[in-house]
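Please keep the sequence and the 3D view open while reading.

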Amino acid sequence: LEDPAVDALFGEYRRIFTAKFSEVTGIEGPWARHFLARAGGNAEVAVNLFFSAKPDVSQPPPRLDTVASLRDKEETMKFSIETIGDASGSAGFPLFVCLHGGGQCPAEVNDMQWQSMRQYWKRSCLSGVYVACRGITNSWKLHWEDASFRLYDKLIELAIACCDVDPNRVYLMGYSAGGDGVYRIVPVMPDRFAAANMCAGHPNGVSFVNFQHTPVLLQVGELDSAFNRNKVTVESAQNIKRLQEAGSSDKEYVVECRVHTGAQHSSIKDIAQGFFQPSPLVGNVTAWCDAGCTPGSGGEMMVQCDSVAWVGKFSRDPTPSHLVWETNQTPRVLPMPVFSDAGGMLPMRMLHRLNRWVDISGGPDPYDAPVVEVFARRETNTIEVRKSGSWIRLLLDNRLIDPSSPLHVNVLPGACNCSSGWASEPVTLSPVEGSAEVMRRTLAERGDPSYCFKFEIVLCHHAHRLDEASQHSSQKTCWEVIGASSPPGTSS
């Protein structure tokens with residue numbers, strides 16, 4: 001962000017993150033973060049590791065190369081974590097979150113697949129933090145159980161806080177059952193990832209609407225016909241392309257589909273092969289699919305198939321001007337503590353439903369609109385709410401609007417799902433000033449400095465206030481601003 005206020009607040013966040021470890025050991029900074037990363041964020045485990053290792057803290061910490069675990073209530077996720085290369089001269093390391101194959105099979109088979117994933121894409125990784133996650137169960141959905149999403153959140157927050165990870169370069173990659181996981185995780189956590197790579201998985205009917213700002217590479221073997229994986233991979237890419245064609249920008253719904261000629265389920269070549277020698281791909285996947293996935297029917301082309309390099313081309317945009325969000329996904333319980341008003345942090349768990357600069361956490365559960373759509377126009381300093389439920393919070397700063405000028409908020413006719421056809425009169429807010437309280441809360445919610453916002457607007461439908469529902473049910477203006485971090489004196 002190149003914002004001194006955000007940098008300072010993130011520095012405070014990291015110090016608080018390591019405070020328990022530092023109280024016992026007297027060690028702060030890189031060494032504290034090193035041992036917390038090795039301990040999966042558990043301060044007690046980190047302290048024990050420190051006193052057992054007795055490191056020379058006058059030297060820089062070594063590179064990470066270990067296995068750790070994270071816990072969410074009754075579920076535990078093991079993961080390997082390794083630092084590769086150098087992040088100097090950049091905003092931090094890229095983070096590769098990699099998911100293994102297996103699924104509905106004995107634990108020892110999934111363990112073997114996990115051990116394989118500890119090395120698989122690492123061979124193409126020249127610089128980064130490489131993480132291989134062990135699925136938390138041994139079911140077919142081992143990578144996308146309800147607790148999985150909360151554990152991925154915690155893992156990413158840990159990597160940002162302790163491993164010098166660039167939060168705008170977090171990549172999700174999965175093979176086979178891990179590919180199933182990619183299809184399922186991105187729609188629930190679209191705010192976390194810069195890009196994704198799906199190999200040899202099955203979408204199982206997932207919606208692709210929330211892939212709007214997460215470019216995805218879909219790969220499958222030409223002969224991988226079990227469960228129609230080869231066909232549905234191409235169809236999935238076509239579905240994402242249709243969303244792009246119906247959208248507002250070719251930067252939305254970015255997808256590439258690669259069908260590997262002659263490849264079976266386990267023989268996709270998408271890692272660095274020798275000197276990155278090209279691999280044969282089906283030249284026209286649409287023609288091939290239309291011909292019943294007949295080998296040779298789509299022609300052939302040679303491509304250097306390096307999945308790590310493909311995802312690495314992309315950086316996340318935390319504040320896209322246009323955001324479409326299907327809200328019927330699994331809520332995530334944030335495992336990290338949050339800032340208190342007193343300036344410290346409270347050890348509490350928070351249910352949140354956020355996607356980039358939109359927050360629906362204060363709305364009903366389940367949320368009373370299947371889709372939220374918002375548009376920020378900085379050139380006119382206007383926010384349009386095109387679709388929403390009865391409560392929505394907009395998180396803002398100068399990446400989206402000009403805070404020194406009046407801000408115009410417009411809820412379009414028919415936007416409110418709970419009362420179709422109603423709309424508000426446009427509201428104009430006075431120039432806004434940053435709120436330290438909003439900055440602290442939004443940083444703590446995701447542990448991500450790119451999501452540290454300076455002010456917010458809360459819009460609420462009258463019907464959302466149950467005690468007022470009857471008296472407002474016939475009003476033509478159904479929205480009101482119930483909270484904004486701005487000086488008083490708004491006009492409408």
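Contact here means heavy atoms within 4.5 Å. The model is a predicted one.

**Helix α3**

- Helix α3 spans residues 30–38 and is mostly covered.
- Seven of the nine residues in α3 are buried.
- These are Trp31, Ala32, Arg33, His34, Phe35, Leu36 and Ala37.
- Which elements do the buried residues of α3 pack against? The partners are the helices α1 (4–17), α2 (19–25), α4 (43–53) and α6 (146–162), plus the strand β1 (65–72).
- Gly40 follows α3 and has a positive phi, near 65 degrees.

**Salt bridges: the count**

- Side chains of opposite charge can pair when their charged atoms come close.
- A salt bridge requires a side-chain nitrogen of Lys or Arg within 4 Å of a carboxyl oxygen of Asp or Glu.
- The count by this rule is 23 salt bridges.

**Glu157 and Arg192**

- Glu157 and Arg192 form a salt bridge through their side chains, at 2.9 Å from N to O.
- Glu157 sits in helix α6, while Arg192 sits in the loop between α7 (177–188) and β6 (195–199), so the pair ties together parts 35 residues apart in sequence.
- Glu157 counts as buried because its relative accessibility is 0%, and buried means under 20%.
- Arg192 is also buried, with a relative accessible area of 1%.

**Arg446 and Asp191**

- Arg446 pairs with Asp191 in a salt bridge, and their closest N and O atoms are 3.0 Å apart.
- This pair links distant parts of the chain, 255 residues apart.
- Arg446 belongs to helix α11 (residues 436–446), and Asp191 to the loop between α7 and β6.
- Are these two residues buried or exposed? Both Arg446 and Asp191 are buried.

**Glu256 and Arg258**

- A salt bridge joins Glu256 to Arg258, with the closest N and O atoms 2.9 Å apart.
- Glu256 counts as partly exposed because its relative accessibility is 28%.
- Arg258 counts as buried, at 7% relative accessibility.

Notes:
Residues are numbered from 1 along each chain as its sequence is written. This is a predicted model: local features need pLDDT of at least 70, side-chain atom pairs count only at pLDDT 80 or more; totals for chains, interfaces and linings use all residues. Side-chain values use heavy atoms; hydrogens and water are left out. Buried means under 20% relative accessible area, exposed over 50%, partly exposed in between (1.4 Å probe, protein chains only). Helices (H or I, at least four residues) and strands (E, at least two) are DSSP runs, numbered from the N terminus.
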